[in-house]
Amino acid sequence: MSQAISISNLVKTFGSTRALDGLDLEVSTGEVHGFLGPNGAGKTVTIRILLGLLRADSGHAVLLDGDPWVDAVELHRRLAYVPGDVNLWPNLSGGEVIDLLSRLRGGVDAARRDELIERLVLDPRKKCRTYSKGNRQKVALVAALSSHVELLVLDEPTSGLDPLMESVFQEFILEAKAEGRTVLLSSHILAEVEKLCDRVTIIRQGRTVQRGTLAELRHLTRTSITAGTERPVEGLDTLAGVHDVGVDDGHVSFDVDGAELDGAVRHLTQFGIRSLVSQPPTLEELFLRHYGDDVVVGDDDAVDAP
Amino acid sequence: MTAAPRHGSTLTGTAQLLRLVLRRDRVRMVIWVVAVVSLVALSAASVVGLYDTAESLASYANLVRDNAAMIVQSGPGHGLDDPTVGAVLINEMSIWSVIAVALMSIFMVTRHTRTEEETGRSELVRAAPVGRHAAATAAMTGVLIANVAMAVGVTISLIVFDLPVAGSIAFGGALIGAGMMFASVALVAGQVASSARAANGSAAAVLGVAFALRAAGDVGDGRLSWLSPIGWAQAVRAYADERWWVLLLPVVASIGLIVTADSLTSRRDLGAGLIAQRPGPAHAGPRLSSAVGLAARLHRGSIIGWSTGLAAVGFFYGVVAVEAESLLTDNPEMADFFAQLGEGTLTDAFVATAALMLGLVASGYTVSAVLRLRGEETDGRVESVLSAPVARRTWMGGHLLVALVGSVLVIGAGGLAMGLGFALASGDAGELLRVLGATVTMVPAMLVLGGLAAALFGVLPRWALVAWAGLAVAAVVGLLAELIGLPNWMRDISPFTHLPALPAAPFEVLPLVMLTAVAAALAAIGLAGLQRRDLT
């Protein structure tokens with residue numbers, strides 16, 4: 001499968017700060033790729049290098065078979081970008097900005113534009129000055145999604161959207177995927193990435209720490225379970241992959257590694273499950289646990305080969 | 001029923017916000033204060049040196065006293081009937097120092113009130129236990145501190161040059177009064193206008209009207225001058241039998257404006273002006289389809305605003321210019337003076353000076369238009385354009401092109417209005433083109449200042465605002481070079497020095513070509529610099 005984005009050993013420094021410290025990222029054509037990391041990990045810097053806004057100090061970056069710095073204009077005909085922090089011209093209306101950005105990319109698909117505006121419930125007549133963050137993001141999303149480009153680069157695109165609009169956004173991404181477009185989706189919300197992405201890359205402090213499919217990363221994630229049982233649960237803490245067991249008056253709560261979930265739930269059924277609540281793992285917990293205080297950055301064993 | 005909030009609670013947090021204002025403005029404030037104080041000191045040194053005899057004082061007074069054109073530029077000339085060094089000095093420097101303190105105050109107030117709201121920073125502040133009036137109070141207090149610092153510096157430097165203490169204090173007080181007056185105007189403008197840019201623009205327009213009112217009043221019977229805060233500053237009559245009670249006028253008027261702003265505050269939302277945002281079109285017009293089209297749209301409002309302002313000032317100058325000629329007959333001494341200069345008639349000399357003034361003001365447009373590039377970058381709007389298939393040079397070139405066209409339109413509006421005013425007042429339509437030509441000649445020098453801004457933006461973006469220093473230098477050279485006795489090499493730094501002083505001097509094409517070439521080279525440096533740097 002050909003690569004839409006191929007980055008290896010990318011380094012970018014700002015003064016004495018090493019924003020990117022040998023970052024790797026591979027995105028195959030036609031996939032939805034999650035780009036995860038805590039705040040300040042270097043996601044936005046990477047994207048800005050891919051857009052030719054910043055120049056890397058060293059390393060290799062190929063975007064759609066071109067050089068993101070040298071071939072910026074040609075490459076931008078084939079991609080659309082939604083910034084994480086959307087800033088628009090205060091005295092232009094949302095509709096004007098959408099039309100402008102679409103025309104800069106080569107033309108407006110009026111029907112698609114109107115459909116997107118309707119589904120996102122956006123008032124295009126308002127001046128950008130009066131839009132909330134979420135509405136500014138909708139403007140950028142409509143402009144990006146109404147153009148027929150191969151690659152969508154989305155930097156935390158749902159950070160200002162309400163849950164209803166997040167689900168609309170997820171429909172858009174699945175539609176784009178069905179149309180064969182490639183999507184690079186930066187996020188720090190694991191649940192969003194799980195719903196949409198084929199593969200993910202996790203970065204931290206400017207370096208890639210994990211990459212692979214979500215199934216491959218399952219061993220990293222831990223589910224929290226709280227269960228009410230007919231009889232007191234015994235022997236749970238002897239199972240592999242079960243942590244932090246707490247028993248309290250007919251209830252048991254524990255964390256279990258993704259790979260060991262099946263065994264743990266099987267064990268519970270012996271005691272007659274009356275209620276069961278499971279909480280999916282969050283990226284925050286994952287980072288806290290795996291890269292907490294004493295971290296070995298770039299642990300080679302943990303990095304799956306692409 | 002809930003208890004009414006104690007009044008003091010709306011001021012909670014003022015002290016901390018004041019410290020923030022002073023921290024953020026410590027460099028700006030020092031630059032303004034040092035620049036104005038040192039120019040006043042240089043002017044004082046020069047005037048004290050030049051007018052050391054009764055004869056020299058008398059001949060200055062004769063030149064200036066009855067000359068409408070001179071009065072328009074400087075003021076009513078209090079004390080020139082029995083001239084002292086102090087009266088001469090006030091006549092030479094009061095206008096520009098009052099305008100400087102007014103501009104400093106306007107920009108500072110808007111920066112800490114409306115701009116803070118627009119950037120969303122004040123939401124962060126207002127969510128903290130901070131009163132509704134704290135931000136405005138802190139901004140006004142900060143401006144007061146800046147004004148007092150400037151006035152104290154000015155007063156001390158005047159006293160150092162042996163000028164009478166009473167007059168020096170009176171002038172310092174007049175500066176504080178004018179500064180606070182325009183700070184209050186900006187505070188009200190910030191409540192009414194629909195954006196920070198519009199607030200600055202309308203407060204600056206009030207300053208322009210104040211200038212015109214006092215000019216008209218000073219030339220006429222003086223009554224109109226009493227409607228102008230600039231007129232008040234001069235009506236204090238520093239060094240000419242001081243009228244201390246006049247200092248109360250700006251105090252009373254400022255309090256009135258602050259109360260007005262306060263009552264307006266409770267009628268509007270954070271971030272919105274009283275003049276509501278009208279909804280815009282749902283679709284973009286056909287011209288909004290390229291980087292250049294976007295640039296034209298973004299600059300449109302400021303081109304219209306600056307053109308209107310320049311046209312008003314220009315028309316006024318044009319009407320007054322005719323007066324300059326009439327004086328030739330009744331003041332032979334002045335006619336001799338200008339004959340000595342050997343360059344055309346008195347009217348021509350006045351038109352040349354007025355054209356230079358318009359050129360300097362219009363350069364404010366040119367520099368601000370080019371620096372819009374930096375604003376687009378720091379406000380994060382550039383990435384939306386450059387992530388589309390738009391080359392960096394196309395984006396920057398579009399803004400530079402619009403700044404160029406805008407500069408011609410702005411100075412052209414000023415020149416056309418001045419020519420029109422002149423033609424109407426003199427009844428000679430032929431003057432229109434001559435006056436227009438004299439003003440449009442300023443364009444190459446304006447472009448050099450714009451080019452400087454472009455080069456800084458491309459190569460040293462963090463220092464882009466230094467381009468304003470270029471305009472400040474040009475203004476000092478253009479308006480004060482004679483007064484403070486600048487050496488020739490320093491005068492040559494200003495691009496305006498190299499222009500032929502039309503219509504008083506003959507037309508020369510070479511300097512215009514050279515200046516245009518310098519501007520183009522600077523713009524090319526900027527474009528090349530942008531090509532290879534990171535965008536932040």
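**Close-up views of a predicted two-chain model**

View 1. Domain 1 covers 13-268 and domain 2 covers 288-536 of chain B, with bounds that come from an automatic or database domain assignment. The centres of these two domains, taken over C-alpha atoms, are separated by 25 Å. About 1,900 Å² is buried between domain 1 and domain 2 of chain B, and carbon and sulfur atoms give 71% of this area; buried area is the accessible area (1.4 Å probe) that two parts lose on being put together, summed over both.

Residues are numbered from 1 along each chain as its sequence is written, and chains are lettered from A, and ligands numbered from 1, in the order in which they are written. Local features need pLDDT of at least 70 and side-chain atom pairs count only at pLDDT 80 or more, while totals for chains, interfaces and linings use all residues, and side-chain values use heavy atoms, with hydrogens and water left out.

**View 2. The contact between chain A and chain B.** Chain A brings 38 residues to this contact and chain B brings 40 residues, and the area buried between the two chains is about 3,400 Å², of which carbon and sulfur atoms give 54%. The rule finds 3 salt bridges across the interface of chain A and chain B, a salt bridge being a side-chain nitrogen of Lys or Arg within 4 Å of a carboxyl oxygen of Asp or Glu. In a salt bridge, the side chain of Glu383(B) meets that of Arg48(A) at 2.3 Å, N to O.

**View 3. A nonpolar surface patch on chain B.** Trp226(B), Trp245(B), Leu248(B), Val251(B), Val252(B), Ile255(B) and Val259(B) make a nonpolar surface patch of about 710 Å². Such patches are made of residues with over 30% relative accessible area and no salt bridge, with nonpolar side chains (Val, Leu, Ile, Met, Phe, Trp, Tyr) joined within 5 Å and like charges within 9 Å; accessible areas come from the Shrake-Rupley method with a 1.4 Å probe, and for residues only the protein chains shown count as cover. Ile255(B), one of the patch residues, lies in helix α12 (residues 248-265) of chain B, where helices (H or I, at least four residues) and strands (E, at least two) are DSSP runs numbered from the N terminus.

Technical notes:
Contact = heavy atoms within 4.5 Å.
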